[in-house]
Amino acid sequence: MTFSHRHLLGIEHLAPSDITAVLDLADTYADLNRQPQKHGDALAGMTQINMFFENSTRTQASFELAGMRLGADVMNMSMQTSSVKKGETLIDTAMTLNAMHPDLLVVRHPSSGAVDLLAQKVNCAVLNAGDGRHEHPTQALLDALTIRRAKGRLHRLNIAICGDIAHSRVARSNILLLGKMENRIRLIGPPTLMPSGIGEFGVEVFEDMNEGLRDVDVVMMLRLQKERMDGGFIPSEREYYFRYGLDSEKLGMAKEDAIVMHPGPMNRGVEIDGTLADDIHRSVIQDQVEMGVAVRMAAMDLLARNLRQRTAA
Amino acid sequence: MTTLFTNARLIDPEAGSDEHGALLARDGKILACGDEAEILKDIDRAGLDIVDCNGKYLAPGIVDIGVKVCEPGERHKESYRSAGLAAAAGGVTTMVTRPDTTPAIDTPEVLEFVRRRANEAAPVNVLPMAALTKAREGREMTEISFLMDAGAVAFTDCDNVIRDTKVFSRALTYARSCGALVIAHPQEPGLSNGAAATSGKFASLRGLPTVSPMAERMGLDRDIALIEMTGARYHADQITTARALPALERAKKNGLDITAGVSIHHLTLNELDVADYRTFFKIKPPLRAEDDRLAVIEAVASGLIDIISSMHTPQDEESKRRPFEEAASGAVALETLLPAALRLYHSGQLSLPQLFRAMSLNPARRLGLDSGRLAQGAPADLVLFDANVPFVLDRYTLHSKSQNTPFDGARLQGRVLATYVAGQPVYRRD
């Protein structure tokens, strides 16, 4: 098992073997997490700082729990109320934190590329917890683990990603990861929510959801941000739900055993039907949350091993 | 004093020639140039100040339209002194400066100040441009006639597009009556608002807000209609996309008084150079696809695009060391303009006379200057350069106060050996 990266900034620079290494280790952590005794010591003695420049309850909790289960000292910094508001630059903030010698820095930022920038200025391992519209690598990894466990494999699957592709870092990371693992990817959504140059991504693009969902193994829904709902990108919530909301009728086009995914938080009745989201036979949305903790434990474990090796060398 | 530049390769963009010869300068003007024996027929060689060019290239100095000097307002980024030294080191003998300072150069009084500062501090010629509308806000026109009397050579709101077409059409009409040259930034402002990259696969992968290359054509189309309507003298600061070229060609064919420029960066770099969010590559308009870059080089070769500029835009480290979307746009280029342009010569895409037509002759002509030529009576504004010497650029060696160049660490070939303004050396490489 090899994973030689210093940071986890995105899926783009990972090789398929890196992805498999994370998922294999995450599998063992998923098992551990189901035991009453959940403690590991992979991060014992290490300090993990979660810096969230953008609101997040779920991802931050997931990273926090992952760090605590592996024995790290975890500190959360809500950057929205901090000195960043007082005009301190991202770099200054990073340098200040760096001086406190953290080992792992988990960062979410509203600007694409901000986490890359920060990673250049610190000595510790940096994990990207979502930067702008760029990448959200741990989300793609947890989605991959969920698919692998539900389908028994992570290759040669037909996977549909539906909704606001243009503004979604989850979609980008998933397109990259699932493509690297040799799956067929379809993107479904209105053209106003498709990124430019999509024809060159090596994916199929559908504007008609029924057509796009035909015979797929996996349906990944994306969250539609509230600020995009009125008039700017789509005419209205209800028209969107009619054309692109996942309900049991549209899901009928997919394979009988197709699974339904959503990165959360869901807008019930906008991009997904509430009953469908709760259907334990089709929806793996709760599994995604569970795998999230396992994948983050695995990713931090692997980075910490490299960190220890570098320090020892 | 009379100076003889002997043993030179003379680049004359007017004649389109590149020949061995000599040049004689007296009292700041070119007295003669061409075959040495011919030139010295009636002149005694003794008593001449002799510069042996060692077979290197001697060309008319660069006339750079669109240089940002950050006085008044942000002198820590660039002063007339530092910009002037950078220009001299880059073979730029005339800087045509932008009015997008703080405050904007929009009154004769501010322009006076600028001219005084510039003449005291800069070793090269400085010709200021003034804003077309007050505070570059696109609402009321400036005192165009007074500003011309004070020395403004052109009028521009720089990268602020005048959204209100009525305001712009009136300003163009008034400018025409004064015979003023208007320089605009063709761009549809609604489409380009907030953009940091050109739309396409690369920008989408990086998750950056984008602008379609079509926004440039839409802006140019509007402006062309307005020139047709008003008869104004118009220069498009930067044409950077293939899609805008047919419109430009038609406008020229229809006899409109229109010229177009392009920045050296759009000729030598493309969007992929941004790589992992390198903010020194963030410029306005954003770097384009490779197909666009090639089309624009072709347009410079054919003469459809008239002028190459540095679009020298100093930014301090603070404003560049930010996430890509939030980082300031612009790059310094006075010193890298010629070495970067020589990339196009070494790749066989443009000849040296073609390059100097776009960097010296055409901009001088557009502004009604006598320079930009190697001809009798023209000012002896000259650049002596070695076109072949290879070097790796270290940005900390630049003379600018700001060192935000995308060519840091780049392998370049060719550099300036000496620069002369009115026959006097203003820069010599040791």
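User: As what does B:Ala135 count by its relative accessibility?
Analyst: In this predicted model, the relative accessibility of B:Ala135 is 40%. Buried would need under 20% and exposed over 50%. The value falls in between, so B:Ala135 counts as partly exposed.

User: What is the relative accessible area of A:Arg156?
Analyst: A:Arg156 belongs to the loop between α5 (137–151) and β5 (158–162) of chain A. Its phi is near 50°, a positive value in a residue other than glycine. Exposed requires over 50%, and A:Arg156 is exposed because its relative accessible area is 69%.

User: How confident is the predictor in chain B, as a mean pLDDT?
Analyst: For the complex, the predictor gives a pTM of 0.94 and an ipTM of 0.90. In chain B, 100% of the residues reach 70 or more, and the mean pLDDT is 97.

User: What angle does omega take at the peptide bond between B:Lys284 and B:Pro285?
Analyst: B:Pro285 sits in the loop between α10 (264–268) and α11 (290–302) of chain B. The bond joining B:Lys284 to B:Pro285 is cis, and omega is about -10°.

User: Is the peptide bond from A:Gly264 to A:Pro265 cis or trans?
Analyst: A:Pro265 is found in the loop between β9 (259–261) and α10 (274–278) of chain A. With omega near -10°, the bond from A:Gly264 to A:Pro265 is cis.

User: Why is the pair of B:Phe356 and B:Phe385 put in its class, and which class is that?
Analyst: Over all chains there are 4 aromatic pairs. One of them, A:Tyr240 with A:Tyr244, has its centres 5.7 Å apart and 40° between the planes, and is tilted. The ring centres of B:Phe356 and B:Phe385 lie 5.5 Å apart and their planes meet at 25°, which is under the 30 degrees of the cut-off. The pair is therefore stacked.

User: How many residues apart are B:Phe356 and B:Phe385?
Analyst: Both residues are buried, and together with B:Tyr57 they form one aromatic cluster. B:Phe356 is in helix α14 (residues 352–366) of chain B and B:Phe385 in strand β16 (residues 382–392) of chain B, so the pair links distant parts of the chain. The separation is 29 residues.

User: In which helix do A:Tyr240 and A:Tyr244 lie?
Analyst: A:Tyr240 and A:Tyr244 are both buried. They are 4 residues apart, about one turn of the helix, and both belong to chain A's α8 (residues 237–244).

User: Over which ring does the charged end of B:Arg415 sit?
Analyst: A charge sits over a ring only within 6 Å of its centre. The charged end of B:Arg206 is 5.8 Å from the ring centre of B:Tyr277 and sits over that ring. For B:Arg415 the distance is 3.8 Å, and the ring is that of B:Phe391.

User: Which residue takes a positive phi just after α8(B)?
Analyst: Helix α8 (residues 214–230) of chain B has 17 residues and reaches 24 Å from its first C-alpha to its last, close to the 24 Å expected. Its buried residues include B:Leu220, B:Ile224 and B:Thr230. Just after the helix, a phi of about 70° is taken by B:Gly231.

User: Is A:Leu213 buried or exposed?
Analyst: A:Leu213 is part of helix α7 (residues 209–213) of chain A. Its contacts include A:Ile188, A:Leu246 and A:Met253. Because its relative accessible area is 0%, A:Leu213 is buried.

User: How far apart are the C-alpha centres of domain 1 and domain 2 of chain B?
Analyst: The domain assignment of chain B gives domain 1 (2–58 + 380–389 + 416–428) and domain 2 (60–366). In contact are 20 residues of domain 1 and 21 residues of domain 2 of chain B. The C-alpha centres are separated by 31 Å.

Technical notes
Residues are numbered from 1 along each chain as its sequence is written. Chains are lettered from A and ligands numbered from 1 in the order in which they are written. This is a predicted model: local features need pLDDT of at least 70, side-chain atom pairs count only at pLDDT 80 or more; totals for chains, interfaces and linings use all residues. Side-chain values use heavy atoms; hydrogens and water are left out. Helices (H or I, at least four residues) and strands (E, at least two) are DSSP runs, numbered from the N terminus. The expected span of a helix is 1.5 Å times one less than its number of residues. Buried means under 20% relative accessible area, exposed over 50%, partly exposed in between (1.4 Å probe, protein chains only). pLDDT is the predictor's confidence in each residue, from 0 to 100. Rings of Phe, Tyr and Trp (its six-membered ring) pair if their centres lie within 6.5 Å; planes under 30 degrees apart count as stacked, over 60 as edge-to-face and the rest as tilted. A charge sits over a ring if NZ of Lys or CZ of Arg is within 6 Å of the ring centre and within 35 degrees of the ring normal. Domain bounds come from an automatic or database domain assignment. Contact means heavy atoms within 4.5 Å. Lists of a residue's contacts leave out its neighbours within four places in sequence.
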